[in-house]
Amino acid sequence: MKTVRKKLQLDCRPVFPKPYPLEQFLFFDIETTGFSPDVSSVYLIGCLSFDGKDWEFIQWFADDYRSEQELLKSFGEYMKQYACLVHYNGTGFDLPYIQKKWIKYKLAYTFDTIDSLDIYKRIYPYRKLLPLENLKLKTVETFLGIRRNDPFSGGDLIPLYGEYLKLKYSSRPEAEELFSPLSLHNEEDVTGMPAVCGLESYAGILEGAADPADAWKEQERFYIRLTCAAPFPVPLQIKSSHFQLAMAYREAVLTVPLVSDTLNFYFPNYKDYYYLPAEDTAIHKSVGEYVEKSHREQAKASNCYIKKAGLFLPQYGTFQTPELKRGRKDKLSYFPWEDSLLSDSSFLAGYARHLLEHIKE
């Protein structure tokens, strides 16, 4: 087994939702000769960690057919120092692959003893909101401006590794020339992960992990500025049906158009109301008894309302009352605008979270 260890200077300090210091996170990725651990082997594991000053990168490489067990044991022991593993879609591949290999060799290691953070899983729910063709790691890196020197995919490296072993067993010096591209692909996958973790900033704010800094109204638009724990790696705008979110640096601004209209407030129990066609409004029967029968009729669910004109903000369901709609069955409703909302910190925080919960609608 060949072991490579080196210090790196990376200009990145990722922020995670997990409650650990950066020194307790271990970034890792594996390279295998196939998808099934039953009929293929893991030939390279790369890890990256931060010691408070520098980043340390380590690789274990199976440079012969007998090194797989030693490689797996080395990684298992090294992993014990850390509280959380960080990976990209490792939940779907890397972790179950390694776990099956540990079982095969009767090695007493398990991922049950360490926390896990899958960057792919964090951003997957928001894949339609991000300007990405797909969620492949290289696609994400391109979006984030991460440049790679490695031209290969993991699949490209499988025959290259086979050629390496053939040359190694033939004692050919060209074998070491092939180690470089094998190592580089894994190294760039792993050392790019702290920067890829910048996607957590987008996931975090979409899940309400930001505090309102201020709010203002301008030209029938309502704005809420949010401050974020970590900077956004790339400025990004997301447009929803009824508002938009602009993210840049450590700030995000929600822009919500105010609606100037006449809307309906629907009474819940229409059987207790009369509808007055001339006034296009409903009144309770206790009052409607004094209206001539020719000017009233039994209210129906569709016309049991009173009208209210003014400026309104959109809401999904009932965030604020009164809840007003254009049509009774509309999913979107509205509540009246009041200037006092601008200084209501509790409202601003709640309304921002409410909108972001529905940004995919």
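User: I'm new to this one. What is the relative accessible area of D214?

Analyst: D214 comes out at 29%, so it counts as partly exposed (buried is under 20% relative accessible area, exposed over 50%, partly exposed in between, with a 1.4 Å probe and protein chains only). This is a predicted model, where local features need pLDDT of at least 70, side-chain atom pairs count only at pLDDT 80 or more, and totals for chains, interfaces and linings use all residues. Numbering runs from 1 along each chain as its sequence is written, and side-chain values use heavy atoms, leaving out hydrogens and water.

User: Which side chain meets D214 in a salt bridge?

Analyst: The general idea: side chains of opposite charge can pair when their charged atoms come close. The cut-off is a Lys or Arg side-chain nitrogen within 4 Å of an Asp or Glu carboxyl oxygen. Here, R225 pairs with D214 at 2.9 Å, N to O. R225 sits in strand 8 (residues 221-228) and D214 in strand 7 (residues 210-218), so the bridge ties together parts 11 residues apart in sequence (strands are DSSP E runs of at least two residues, numbered from the N terminus).

User: What else does R225 meet in a salt bridge?

Analyst: E251, at 3.9 Å, N to O. E251 belongs to strand 11 (residues 251-257), so this pair with R225 of strand 8 links parts 26 residues apart in sequence. E251 is partly exposed at 36%, and R225 is partly exposed too, at 22%.

User: How many salt bridges are there by this rule?

Analyst: The count is 19. Elsewhere, E141, R148, E188 and D189 form a salt-bridge network.

Conventions. Helix = DSSP H or I, 4+ residues; strand = E, 2+ residues; numbered from the N terminus.
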